[in-house]
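Colleague: I've got this model open and I'd like to learn how to read it. Could you walk me through it, helix packing to begin with?

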Amino acid sequence: MGNEKLTLGKVLSAIGLVLIMSWTIFPLYWVFNMSIQTPIDVISYPPKFYYDATLENYSVVLIGKAWLGKYETVQTDFPRYYLNSLIVCSGAVAISMLLGVPAAYSLARFAFKGKENFAFTLLSFRFAPGLIVIIPLFVIFRRLGLYGTYYGMMLAYQLITLPFSVWLMRGFFEDIPIELEHAARIDGYSWWGVFRKVNLPLVAPGIAATAILSFIFAWNEFLFGYVLSSDITRPVTPSLMGFISYEQVLWGQMAAAAIITLLPSVILAIFIQKYLVRGLTFGAVKG
């Protein structure tokens, strides 16, 4: 009887997982489906599931010039926008790691007045909607000359990546036994030596997981990139709006651009998956 209940439970769990996976993956399948269709097939009704696949949408997006064949397109600098996102997101994550890791260690190890208030205030920046700060940021950036620059974008993205990095890394440092640090101090290490040679190697998977998730959050950001960037420094996510005009919407090309935009997050998740899982679970259990 017990085995029958267990089997039934497994079957229900499998059905539930299939439904959840289908619900999650179907939008991606639909976008990919659009990206390999001709403009006529994309807007056909009822939708076509059998058609002659084409890579013309990808060619147009990557080459970035007017299509010479039978399909209309727009002039787009999609590869440059893609490079802008790589520059801005990499820089933003690097700054967050340089500032966030020591800050997280301080919050985890040292007691000082207002520590929890400071930590909660920092966390509130992550939860606050971007619309609350976007107008003041726009005015400040214009006056300081940061509008439309890579440095300005990296600073603006700190509102997304830095609070997340500090709070996630704080849990990793708190899970390291304090006795380990005391033993290293007895062996002659300074606090900086303990931090650099004992703590950092132990939380390396956590740093990798935090950096990857921060990069993904920054990569998917739309509002800051749309308002605070110029045409030269525009990230890839706002650039997808360029496929929409008053006359038409280039669904196939926009779908191809969306699939290409998704690639860095997928590649990072696949190749660093073991570090990601280990890092996320490293700070999940406390004694």
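Modeller: Two packed helices are described by the angle between their axes and the distance between the axes. Here, helix H3 (residues 56-63) packs against helix H13 (residues 251-271) at about 70°, and the axes are 8 Å apart. H3 is therefore roughly perpendicular to H13, a label for angles of 65 to 115 degrees. The axes are lines fitted to C-alpha atoms, for helices over the stretch in contact, with angles from 0 to 180 degrees between N-to-C directions.

Colleague: Which residues of H3 and H13 make the contact?

Modeller: From H3, Asn 57, Tyr 58, Val 60, Val 61 and Leu 62; from H13, Gly 252, Gln 253, Ala 256, Ala 257, Ile 259 and Ile 260. Contact means heavy atoms within 4.5 Å. Eight of these residues are nonpolar, three polar and none charged; Ala, Val, Leu, Ile, Met, Phe, Trp, Tyr, Cys and Pro count as nonpolar, Asp, Glu, Lys and Arg as charged, and the others, Gly among them, as polar.

Colleague: Before I go on, where is confidence lowest and where highest in the chain?

Modeller: Where pLDDT is low, the predicted coordinates should not be read in detail. This is a predicted model, where local features need pLDDT of at least 70 and side-chain atom pairs 80 or more, while totals for chains, interfaces and linings use all residues. Residues are numbered from 1 along each chain as its sequence is written, and side-chain values use heavy atoms, without hydrogens or water. The chain's mean pLDDT (the predictor's confidence in each residue, 0 to 100) is 83, with 88% of residues at 70 or above. Helix H14 (residues 273-282) is lowest, with a mean of 60, and helix H4 (residues 78-109) highest, at 92.

Colleague: How many helices and strands does the chain have?

Modeller: There are 14 helices and zero strands, taken as DSSP runs numbered from the N terminus (helices H or I, at least four residues; strands E, at least two).

Colleague: And which residues does a cis peptide bond join?

Modeller: Most peptide bonds are trans. Tyr 45 and Pro 46 are joined by a cis one, with omega about 0°; Pro 46 sits in the loop between helix H2 (39-42) and H3.

Colleague: Is Gly 171 buried or exposed?

Modeller: Buried means under 20% relative accessible area and exposed over 50%, with partly exposed in between (1.4 Å probe, protein chains only). Gly 171, in helix H7 (residues 150-174), is at 14%, so it counts as buried. Its C-alpha is 7.5 Å from that of Ala 108, 63 residues away in sequence. Across the chain's 287 residues, 39% are buried.

Technical notes
Angles under 35 degrees count as roughly parallel, over 145 as roughly antiparallel, 65 to 115 as roughly perpendicular and the rest as oblique.
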